[in-house]
Amino acid sequence: MTAIPQERRVVTAIPGPKSVELQARRLAAVAAGVGSTLPVFTARAGGGIIEDVDGNRLIDFGSGIAVTSVGASAEAVVRRATAQLANFTHTCFMVTPYEGYVEVCEQLAELTPGDHAKKSALFNSGAEAVENAVKIARAHTKRTAVVVFDHGYHGRTNLTMGMTAKNMPYKQGFGPFAPEVYRVPVAYGYRWPTGAENAGAEASAQAIDEITKQIGAENVAAIIIEPVLGEGGFIEPAKGFLPAIAQFAKENGIVFVADEIQSGFCRTGQWFACEDEGIVPDLITTAKGIAGGLPLSAVTGRAEIMDAAHAGGLGGTYGGNPVACAGALGAIETMRELDLNGKAKRIEEVMKGRLAEMQAKLPNGSIIGDIRGRGAMIAIELVKAGTKDPNPEAAGALAKACHAEGVMVLTCGTYGNVLRFLPPLVIGEDLLNEGLDVIEQAFGTL
Ligand code: PLZ
């Protein structure tokens, strides 16, 4: 397979005629509940480019929601997964095991924070990893309550829907949800009533007060938080918040779980985002970037906690599929070889620099209320000029204008007013800047 030229090319309307035809077939055959940000059908993808069936080449600022950090057809992923496909596709690790699964768990033990003894269990999706982290924490603590946070996102299965903060589109009409899930405040600096500088201390005090008074710390099995809250709007909890919560968990025998499904594996310029404040979680959930686009997820953590579930208590037919494990080993090899943490940091520098310039110089730049994120997980929060009122219309219009010009961007946020950028970490700097040019021009269309 030839490498995809790393250049933006718009040769038809977006979506083009072939995509429109495929979309008509899709609407007849695929359930309406499954949406797509942009109904442009993919022919191939790699590096920083998605090529569609009409020959358009889009700059990829989405990575399939933070998945293809190494690109969508990374050499090492393709090589290892192809070799594994030719050997065997599946045995079920619970029936007859294979080395790739063990090797991924060894890598996870090495790469995740902390030098304590660690073990892992592998699954297929992020939601499944979160579900299993809760099972493991409950087995270990013999307690039931689970604490999650405002603006948090953890998945679409029944338990993880209940753990997810935002109603539309994730939860509406799909209840009842699992019991014993409690939501507490998070230090959302930009929107904290007394200012970002107070958010860490005040929000952690409020959260801890609610846990102790409303739930009882002795009933809490796990506290689960995304070190950078993804779907909720790329919210970096204000400094001091995560350490205070982690310390509280430690003092009360509560399992502290970092959901690094979106923020992990070099995305923020560290192997894991929680490293920035020196946090060592008891358990970490990973997925997305771990396997270069193949479905794989994991729970990794302290050996004595991971071993709390009885033999046979964890698993699933496909968990840790051998092809997905081979893909993960290829993705991790690529991250190490190309220093993708370094690349993510450079992406942050370029993006934040350009976005700050836009905020300062564009006639409507003041609708950029906040520029935030780390590494290649960067976002702008859009507001009505001169206020902090959310401006989801501007986020939607900017995304649409970018799509029309061949730049794939995504929105997020509890208020739908955040435009987020998640380029593959292997994207070239020219493409990165060209994507930013298009974003800048999009402001002119508002
Ligand atoms: N935890 C932190 O970001 C997935 C969801 C997209 P799955 N985020 C993208 C959508 O609209 O479905 C995610 C996450 C965090 C858990 C999950 C869930 O991972 O692999 O989608 O199950």
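**Helix contact and cysteines**

Modeller: This is a predicted model. In it, Gly200, Ala203, Ser204, Ala207, Ile208, Ile211 and Thr212 of H7 meet Phe241, Ala244, Ile245 and Phe248 of H8.

Biologist: What kinds of residues make up the contact of H7 with H8, by nonpolar, polar and charged?

Modeller: Eight are nonpolar, three are polar and none is charged. Gly counts as polar here.

Biologist: How do the axes of H7 and H8 lie, and what makes H7 roughly parallel to H8?

Modeller: The axes of H7 (residues 196-215) and H8 (residues 241-251) come within 8 Å and cross at roughly 25 degrees. Angles under 35 degrees count as roughly parallel, so H7 is roughly parallel to H8. As for handedness, H7 passes H8 in a right-handed crossing.

Biologist: How do you know whether cysteine 274 is buried or exposed?

Modeller: Buried means under 20% relative accessible area. Cysteine 274 has 1% relative accessibility, so it counts as buried.

Biologist: And why is cysteine 325 in no disulfide?

Modeller: The nearest cysteine sulfur, that of cysteine 105, is 7.3 Å away, and the cut-off is 2.5 Å, so no disulfide is assigned to cysteine 325. With a relative accessible area of 0%, cysteine 325 is buried.

Notes. Residues are numbered from 1 along each chain as its sequence is written. This is a predicted model: local features need pLDDT of at least 70, side-chain atom pairs count only at pLDDT 80 or more; totals for chains, interfaces and linings use all residues. Side-chain values use heavy atoms; hydrogens and water are left out. Buried means under 20% relative accessible area, exposed over 50%, partly exposed in between (1.4 Å probe, protein chains only). Axes are lines fitted to C-alpha atoms, for helices over the stretch in contact, and angles run from 0 to 180 degrees between N-to-C directions. Helices (H or I, at least four residues) and strands (E, at least two) are DSSP runs, numbered from the N terminus. Angles under 35 degrees count as roughly parallel, over 145 as roughly antiparallel, 65 to 115 as roughly perpendicular and the rest as oblique. A crossing is left-handed if the near helix is turned anticlockwise from the far one by less than a right angle, and right-handed if clockwise. Contact means heavy atoms within 4.5 Å.
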